[in-house]
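Subject: Structure handover

Hello,

Here is the structure I promised you. Please open it first, then read my notes below.

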Amino acid sequence: MVKYWGKDNVVWQDKMVEIDFPHVIHAQQFSLDDLEKLFMLTAILKQQIGKGKKKDWLNGNIVLNLIYEPSTRTMTSFSVAGLRLGADVITPADPAKLSSVIKGETLEDSIRIYADKVDVIILRHKDDDSALRASRSRFCQGVPIINAGAGKGQHPTQSLLDYFTIRERFGRIEGLIVAICGDLKHGRTSRSLAYLLSKYKGVEIYFVAPQVAQMSPDVLDYLTSHNVKWHQSETLKEVISFVDVCYMTRFQTEREDPEEKEIMAHASMVNVIDEQLAESMKDDAIIMHPLPRIHEIKWGVDKNKRSVYFLQALNGDYIRMALLLCILNPDKVEKLLASAA
Ligand code: CP
């Protein structure tokens, strides 16, 4: 197995452990060089592959979509990515209820069984450290684990498609002003995006949320230690006129403690983008959302030229094709990149 990404160290269970990639565990693991390659490769795949088109570049590989939490986009996106590249894809139905987890099997034991059968495991799970746990070598036996959303922790492939969408629109990430708005306390997409943006010079991040839903100190400390300018605002109205990117997120009601439900319900109504607010943005600004949207972007905003959230979701197919190809057929990646150079 080729190790496409570099190595990285993370704190896990109070110890520093080395992640031995090709796993995709968190957004910090990607170097600027990795991101550049992923952008180029994704752009090539977006040109070459679409509805009705299929390649044989992953023939013979089996992709396991192991999705323990609900998903519309990520699950189908990984399926489409695998299928369009010629892999076979297995998506067990509702493994949280229908696998032997319900009888008490641990995630580690399940992964050990699946790893004997497939070539890559896409994992969405309620535990923040699920992908990291699964990737420890004795559990996955070297089979790559891709984190497709881990509890309140991270959703790195979402941040990669966010990155692709921003870069596709602006041609750069450096120097952009980005508002990340919504339930920053429980949202994994906001966390992964902040980590990814921190790699680029001159990026400025505004975390927009009532205090009860603000970004956690671990991310803020990381940004400070990486010299990223960040600010906190309660309302979008304070920042909407000057940001380049307004990244909305929903309130994660399924992750709230019972005692915070009422206060979070109030907080979720504070920042809603309507047609008027959207129109007050810079002419070339964009409105993003990982989706699903609940009420934080009014439906009328969809027709605003700044709204890119459905394009963002579509880009997910291509970034995931790029990831699977990097992991399972790196020789093809080098050929595609060379032919486009
Ligand atoms: N953005 C995202 O992760 O969507 P799903 O939960 O539908 O996969």
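Is Gln141 buried, partly exposed or exposed? Gln141 is partly exposed, with a relative accessible area of 40%. Here buried means under 20% relative accessible area, exposed means over 50%, and partly exposed is in between (1.4 Å probe, protein chains only).

Before the rest, some ground rules. This is a predicted model, where local features need pLDDT of at least 70, side-chain atom pairs count only at pLDDT 80 or more, and totals for chains, interfaces and linings use all residues. Residues are numbered from 1 along each chain as its sequence is written, and side-chain values use heavy atoms, with hydrogens and water left out.

**Backbone**

Most residues other than glycine have a negative phi, and most peptide bonds are trans. Gln141 is not a glycine, yet its phi is positive, about 55 degrees. Gln141 sits in the loop between helix 6 (137-140) and strand 6 (145-150). Helices (H or I, at least four residues) and strands (E, at least two) are DSSP runs, numbered from the N terminus.

Leu291 also has a positive phi, about 65 degrees, and is not a glycine. Leu291 is buried, with a relative accessible area of 12%. Its place is the loop between strand 11 and helix 12. A cis peptide bond joins Leu291 to Pro292, with omega about 10 degrees.

**Cores**

A nonpolar core is a set of buried Ala, Val, Leu, Ile, Met, Phe, Trp, Tyr and Cys residues joined through side-chain atoms within 4.5 Å. The largest one has 69 residues. Leu41, Leu45, Ile180, Ile205, Phe207 and Leu325 touch the most other members. Helix 12 (residues 309-328) gives the largest share of this core, 10 residues.

**Two helices**

Two packed helices are described by the angle between their axes and the distance between the axes. The axes of helix 8 (residues 188-197) and helix 9 (residues 217-225) come within 10 Å and cross at roughly 10 degrees. Axes are lines fitted to C-alpha atoms over the stretch in contact, and angles run from 0 to 180 degrees between N-to-C directions. Helix 8 and helix 9 are therefore roughly parallel, a term for angles under 35 degrees. Contact means heavy atoms within 4.5 Å. Arg191, Ala194 and Tyr195 of helix 8 meet Asp218, Val219, Tyr222 and Leu223 of helix 9.

Best wishes

Note on methods. Angles under 35 degrees count as roughly parallel, over 145 as roughly antiparallel, 65 to 115 as roughly perpendicular and the rest as oblique.
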